[in-house]
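Please open the structure in the viewer and keep the selection panel at hand.

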Amino acid sequence: MSCIFPVAIFGTLAISSMIDVPFIHRYDAILLILIGVQALMFFSGLETRDEIKVICVFHGIGLLLEIYKVSIGSWSYPEPAFTKLFHVPLYSGFMYASVASFMCQIWRRLRMDMTGWPGLIPAGIVGGSIYLNFFTNHYMADLRWWLTGLVVIVFWRTWIIYRVRSKTYRMPLTAAFFIVGFFIWLAENIATFFGAWKYPNQHHAWHVVHVNKISSWFLLVIISVIIVAQLKHVKADRKPR
């Protein structure tokens, strides 16, 4: 249930790659469908107003990153569309937003808590540094492994507590980062197979996305968790005690 929006995205990518609709570009159709899915989830109560706000923030964060990465040739969106901004289709931000949607959904459905949360300033510095490195790593040294070490230090005492039916489980937050990052990498392979975007080595034939992308998704997941976790902490502080 927590994966409803990601599944909707990959289902749309798969179906749109097999069906040619003559009166609308594929990227434009994907955008309209995903907006419809989000509207349906909101009005049906599957997502709350605050969760929609988080998803919109992450959509913007992802879209800015996409515009930058496409501009320097990291990957491309070769198909035509009216809803492109600087050669990037607007639907691409939803792929990042789907991570935030998953985080919001699973937090609520598994009644998640965290122990040892480092606080807004340390978490914000880590998240901001990770996001900045996605932009600067093409001109300066790539600091992802240093940032990974910083993540381990800052979140060393942070554990996730979650409930499945009547049982309570816990795991280190850094382990959750890696697990989610790995599954996003698997999803990225599915997305590129269906032509959601193409890396330079995939223009003539599809190839498996390099495993070093797992580290990129690992770091990106951290940003989404920081945003969602901080929202949950703020909301918890608002409740009367």
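Helices (H or I, at least four residues) and strands (E, at least two) are DSSP runs, numbered from the N terminus. This is a predicted model, in which local features need pLDDT of at least 70, side-chain atom pairs count only at pLDDT 80 or more, and totals for chains, interfaces and linings use all residues. Residues are numbered from 1 along each chain as its sequence is written, and side-chain values use heavy atoms, with hydrogens and water left out.

**Helix 1.** Select residues 4–18. Helix 1 has 15 residues and reaches 21 Å from its first C-alpha to its last, close to the 21 Å expected at 1.5 Å a residue; the expected span is 1.5 Å times one less than the number of residues. Its buried residues (under 20% relative accessible area, 1.4 Å probe, protein chains only) are Phe5, Pro6, Ala8, Ile9, Thr12, Leu13, Ala14 and Ser16. Their cover includes helix 2 (26–43), helix 4 and helix 7 (173–193).

**Helices 3 and 4.** Next, select residues 49–71 and 92–109: helix 3 and helix 4 pack at an angle of about 145°, with axes 7 Å apart. Axes are lines fitted to C-alpha atoms over the stretch in contact, and angles run from 0 to 180 degrees between N-to-C directions. In contact (heavy atoms within 4.5 Å), residues of helix 3 including Phe58 and Leu65 meet residues of helix 4, among them Tyr96 and Cys104.

**Met171.** Finally, select Met171 in strand 5 (residues 167–172). Beyond its neighbours within four places in sequence, Met171 contacts Trp159, Ile160, Tyr162, Ala176 and Ile179. His87 lies 84 residues from Met171 in sequence and 41 Å from it in space, C-alpha to C-alpha.

Notes
Buried means under 20% relative accessible area, exposed over 50%, partly exposed in between (1.4 Å probe, protein chains only).
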